Amino acid sequence: MGKTFVAGTLESSDCLITLSPANTFSLDIDTVVHEAFYEHIKRVIETTLAEENVANVHLRCQDRGALDYTIKARLRTALKKYKEADDG
Amino acid sequence: MARSYLFIPGNVPRMLQNADVFEADALIIDLEDAIAAYEKEEARTLTAEFLRAHRPESVEVYVRINAEDPLFTEDLLSMAPLGIDGVVLPKTTLASLESYRNSLEKHNLDVPVIGLIETPDAFFELLEIARFPSLKGLLLGAEDLSATTGMKRRPGGEELLYCRSRLMLAAKAAGIRAIDTPWTSLDEEALALDIDVANRLGFDGKCAIHPNQVPAINDAFFPSEKELKEARRILKRHEETNSMRFSLDGKMIDKPVVQKAKALLQKAETYRQKGGKP
Amino acid sequence: MKYENIDELLDALDLKDGMCVSFHHHLRNGDAILNVVMKKLHEHGLKRLHLMASALFPVHAPILPLIEEGTIETITTNYMNGPIAEHISARGLKGTLTMQTHGGRARSIAEGERVIDVAFIAAPAVDENMNASGVQGKSACGSLGYAIEDSLYAKRKVLVSDHVSPSLKDPQIDGRTIDDLLVVESLGDAAGIVSGTLKITQDPLGLKIAREALRLLKALDVFQEGVSFQSGAGGISLAITKGFTETLKARNLKASFFSGGITKYHVDALEEDLVDRLYDVQCFDAAAIDSLRKNEKHFAISASDYANPNNPDRVIKDLDVVILGASEIDTDFNVNVTTDSYGTIIGGSGGHADTAEDSKLSVIVSPLLKARTPLIRERVRTITTPGEHIDCLITERGIAINPKRSDLLEKLKDANLPLLTIEELMQKAHAFTGKPKPSAAGEKIGIVESRHGATLDNLYKKGD
């Protein structure tokens with residue numbers, strides 16, 4: 001408990017994903033392109049989580065203008081670390 | 001046939017998604033030395049997602065994978081299905097190539113290899129390496145080589161002459177590419193010297209470690225006016241005689257020479273379209 | 001009259017609520033004068049003032065409280081960024097904001113459309129006859145181009161200086177047009193007034209765009225004896241300037257003039273005899289100031305002689321090529337350099353709209369993608385320069401030519417350049433970023449005024 005799983009950076013065009021186990025799902029997106037892409041980014045994250053079959057986590061995305069592939073990649077890496085810790 | 005091979009670190013989104021604008025003929029996405037141990041997973045996943053979504057067109061894409069397991073197998077399995085032009089295999093030796101072939105066969109994959117030659121022992125099995133199935137090119141890795149042997153690098157310096165020549169000869173004997181090592185500072189004059197030596201020694205292309213190095217490499221390895229003139233003459237005579245065997249300037253020209261001339265002119269045209277030389 | 005105390009000066013002036021006071025921006029981000037004067041006017045109980053500053057920078061943030069509570073009610077400017085711009089973009093101001101161009105400001109003053117009650121003209125060096133120069137003194141800033149119309153047409157003209165000199169060489173302002181002189185301790189921070197040395201970009205993306213720009217110019221046969229050229233001071237623009245002069249040298253050509261904001265790169269070209277004259281409306285670095293001081297063919301010009309559209313002798317009427325930037329551009333080639341895509345004011349036309357209209361060839365250089373924000377939109381948030389005056393767009397992923405310029409398209413037919421329509425370039429960007437939701441807009445806070453005085457577009461608060 002209290003473990004967090006991190007992937008990515010705060011560099012321009014990247015995003016930092018911070019994932020921690022929780023009792024329910026919560027999502028916190030802080031993005032430099034809020035007006036233009038907030039809804040879209042939210043959808044990308046939710047879809048990827050559904051594909052990976054993950055529900056009860058608190059997920060924080062600090063986005064510096066990352067494209068979809070980057071958000072997916074950082075999310076998948078954080079999820080892999082989370083799942084590996086879970087198994088271990 | 002690429003003139004320039006630009007190294008791109010596999011964990012920097014800004015560089016991956018902009019890599020194709022720098023006019024390099026080939027990209028080498030690096031999962032090995034540019035990536036710290038704790039970032040290997042991140043880099044692999046990012047590179048895979050990038051290639052799935054935005055694989056750049058009209059540029060060759062290679063990935064330098066890690067040489068040792070478990071990373072080696074994970075990299076290979078992740079990259080092989082993505083339609084890349086090949087992997088760059090660090091510290092290539094005959095033994096490591098055997099191991100590579102076994103892994104590929106086990107997983108039913110087939111990916112061309114550019115062998116990175118950066119250890120002393122590799123130089124004594126170069127021809128066998130060059131002739132190994134799936135070998136597409138030999139790439140000289142002078143950084144690691146000088147670090148382990150005590151060689152002190154100077155731009156275009158003689159300390160690398162034997163290694164360069166031997167590598168080039170092995171590649172040509174096997175009919176594959178000879179790719180020169182990068183020059184690792186941004187000093188333009190030093191780079192120009194190093195490029196010039198590689199070009200004169202018969203290399204087909206050179207690596208760049210920074211986008212600003214690419215134009216100079218592209219210009220140098222662009223076929224010379226002399227070569228192009230010769231190729232045009234050969235093709236003209238070929239059209240006139242309607243034959244693959246004819247005499248030109250007292251020399252016998254046959255099919256491979258005609259084909260090589262055609263390929264050279266085509267290569268020049270492709271580069272010209274890319275905007276290499278106006 | 002000469003004063004050494006600002007309160008005495010203000011007591012002598014005929015100050016009224018609602019009056020218009022003007023300042024130039026040649027002291028850039030080192031200016032100490034505007035803040036001091038505005039604060040003093042506030043202390044003297046004045047309200048509803050119209051501030052006509054040619055630009056406002058982060059250094060002017062201390063006047064924010066004056067804007068918030070209405071001492072400053074209306075602002076007319078050509079450029080602003082930093083805290084004041086951010087505040088006004090989010091919260092507006094009590095009156096309206098008008099953004100002009102450098103040439104339009106000069107025109108509106110000269111034609112009496114804008115009446116300045118008091119012009120406060122910071123002058124790095126003055127003499128006993130109230131002549132003024134920008135190239136001498138500890139606060140030297142170079143050309144005083146944006147102050148000239150103020151000095152000629154304001155009702156009352158006050159020089160403010162920290163350096164009284166026995167003699168001035170070639171003063172740019174004639175003392176006979178001046179009413180008062182206020183001598184102060186310091187005009188501002190020299191480090192903020194002048195940039196050390198502006199450097200060309202080292203960013204590979206910027207260099208690529210610069211290379212493409214040079215290729216386009218060559219393909220359009222721009223390089224002729226006597227060509228004239230202007231570009232800005234951004235990293236990419238400087239790289240293009242350098243490439244431009246290198247090409248002149250390689251082809252044994254000499255340009256007729258470079259105009260606009262002058263930097264070391266322009267000066268180097270003058271001193272290597274690659275260009276005949278420099279027409280300087282503002283100096284961007286120390287090398288430019290130095291050159292203005294000593295080089296005979298480096299001329300300081302007024303904003304009117306630079307870009308006033310109704311001035312038949314304006315320099316830019318003979319301009320062949322101008323290189324400009326963009327925050328946004330739309331599929332009609334309208335360019336925005338006033339706000340970002342979300343409505344925050346990040347600049348303003350400056351000379352953008354002026355040079356785009358007058359120059360024979362106007363070229364926009366910009367990255368296609370700035371992280372996830374695409375450059376090309378269906379419609380820009382704010383029109384600074386109308387599309388009919390924009391000829392080419394150069395990005396790292398392709399070049400778009402305005403379809404109205406069929407002559408350019410014809411010339412480039414066999415040029416082997418990556419030409420695309422602007423819609424195709426936009427699609428390329430969207431393939432990476434996805435299509436952005438258009439930004440919301442709040443209430444109107446002001447207008448963008450064309451150089452001819454018409455309203456080009458409205459300015460709105462950022463959306464919620």
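Me: In which hand does α8(B) pass α9(B)?
Reply: This is a predicted model, in which local features need pLDDT of at least 70 and side-chain atom pairs count only at pLDDT 80 or more, while totals for chains, interfaces and linings use all residues. Residues are numbered from 1 along each chain as its sequence is written, and chains are lettered from A and ligands numbered from 1 in the order in which they are written. A crossing is left-handed if the near helix is turned anticlockwise from the far one by less than a right angle, and right-handed if clockwise. The crossing of α8(B) past α9(B) is right-handed.

Me: Are α8(B) and α9(B) roughly parallel or roughly antiparallel?
Reply: Helices are DSSP runs (H or I, at least four residues), numbered from the N terminus. Residues 188-200 of chain B form α8 and residues 214-221 of chain B form α9, and the two pack at about 30 degrees with axes 10 Å apart. Axes are lines fitted to C-alpha atoms over the stretch in contact, and angles run from 0 to 180 degrees between N-to-C directions. Angles under 35 degrees count as roughly parallel and those over 145 as roughly antiparallel, so α8(B) and α9(B) are roughly parallel.

Me: Which residues of α9(B) make the contact with α8(B)?
Reply: Two residues are in contact if their C-beta atoms, placed from the backbone, lie within 7 Å. From α8(B) come B:L191, B:A192, B:I195, B:D196 and B:N199, and from α9(B) come B:A216, B:I217, B:A220 and B:F221.

Terms used: Angles under 35 degrees count as roughly parallel, over 145 as roughly antiparallel, 65 to 115 as roughly perpendicular and the rest as oblique.
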